[in-house]
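Hello,

I promised to send you something to look at, and here it is. Have a first look yourself, then read on below.

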Amino acid sequence: NEWDYVVGGPNGPANWNGTCATGKKQSPININVAATKYQMMPSFVLKNYRVKPENEYTLVNNGHSLVVNLPAGYFKVSGGGLTGEFETVQFHLHWGSSNDKGSEHTMDEKAYPAEIHFVSYNTKYANISVALPESDGLAVLGVFIEIHFVSYNTKYANISVALPKSDGLAVLGVFIEVGGDYNPAYEFLKYAKNVTEASNKTSIMPFKLEPMLPETRDKFFRYNGSLTTPKCDESVTWTVFKDSVKISETQHSGFSYNINIKKQERIQVYKIKASNQTSIMPFKLEPMLP
Ligand code: SG4
Ligand code: ZN
């Protein structure tokens with residue numbers, strides 16, 4: 001039952017069994033944009049996504065990813081061409097060992113540094129466990145995450161001096177972006193350092209989900225697929241938004257380097273503790289840009 005992402009290892013993706021090996025609609029996939037078919041869909045109805053609930057959330061390192069468990073019976077997703085109403089139970093992150101990989105889905109073979117999945121189950125079933133094996137059991141909303149790289153104006157002594165100046169910083173997004181690099185909707189990432197080991201968990205203050213999604217949600221890719229981890233149940237109606245969201249390099253490294261998870265390729269093993277520092281070999285920055 002043990003599984004990990006260690007490529008070539010005994011528990012790695014090539015050795016995931018059952019539906020993972022024999023399934024006919026396995027996720028993730030590369031989205032070949034030119035091969036997609038255009039279809040009109042109603043807008044998503046995201047119930048309570050703009051509201052901050054009273055109940056705390058739980059941030060968990062489950063040994064496979066960083067998960068935020070949400071209060072029951074609160075967040076609901078419908079519309080968007082989904083059949084029925086789906087209750088959002090958690091969201092979790094996928095990331096990589098370097099910034100050129102990490103997302104599970106790829107768009108025209110391009111991987112993003114991370115991908116967030118909002119997992120909801122069809123409320124016609126009693127709970128997520130009952131929904132899991134059903135073909136219409138789950139709906140997952142996937143969002144690509146990009147990183148802002150910040151450069152400071154060399155007319156200032158250092159980044160701290162440059163920070164408050166109107167011409168102090170330049171931010172390179174994958175599409176050139178003006179604006180702040182820190183994404184406040186993803187503030188919870190600062191607590192990742194409290195759950196560095198598998199099975200660590202901590203309560204965190206509730207926050208709104210809607211600002212975590214791309215502002216423009218009218219373009220998305222839809223296909224019927226599976227869970228991306230064992231047992232790879234083929235029960236997921238996938239939505240992958242075309243627009244990405246952006247977080248800062250600091251926010252990204254806060255989880256990608258600090259979380260001890262036995263994964264490679266899709267998630268790498270890092271043994272660095274939150275406040276530790278280590279020298280690493282230099283490498284070129286230009287290839288990290290599009
Ligand atoms: C990650 O391993 C999550 O930690 C799992 O969440 C999740 O399983 C699994 O990915 C597969 O989900 O959207 N990537 S995915 O297809 O949501 C489920 C938990 O184990 C059932 C809580
Ligand atoms: Zn996922």
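Predicted model: local features only at pLDDT ≥ 70, side-chain atom pairs only at ≥ 80, totals over all residues.

The chain is built from four helices and 14 strands. It has 290 residues, and 46% of them count as buried. If you look at contacts with a separation of 6 or more, 66% of them are between residues 24 or more positions apart.

Now for the zinc ion (ligand 2). Which residues coordinate this ion? They are H92 and H94, each through NE2, and H117 through ND1, at 1.9 to 2.0 Å. Along the chain, these donors follow the spacing H-x1-H-x22-H. Because H94 sits in strand 6 (residues 86-95) and H117 in strand 8 (residues 114-122), this pair ties together parts of the chain that are 23 residues apart in sequence.

Are these two histidines, H94 and H117, buried or exposed? H94 has a relative accessible area of 3% and is therefore buried. H117 is buried as well, with 1% relative accessibility.

Finally, the geometry. For comparison, the ideal angle for four tetrahedral donors is 109.5 degrees.

Enjoy exploring it, and write back with any questions.

Best wishes

Key
Residues numbered from 1 in each chain as written. Chains lettered and ligands numbered in written order. Heavy atoms only, no water. Helix = DSSP H or I, 4+ residues; strand = E, 2+ residues; numbered from the N terminus. Buried < 20%, exposed > 50% of the residue type's maximum accessible area, 1.4 Å probe, protein only. Contact = heavy atoms within 4.5 Å. Donors = N, O, S within 2.8 Å, 3.2 Å for Na, K, Ca; no water.
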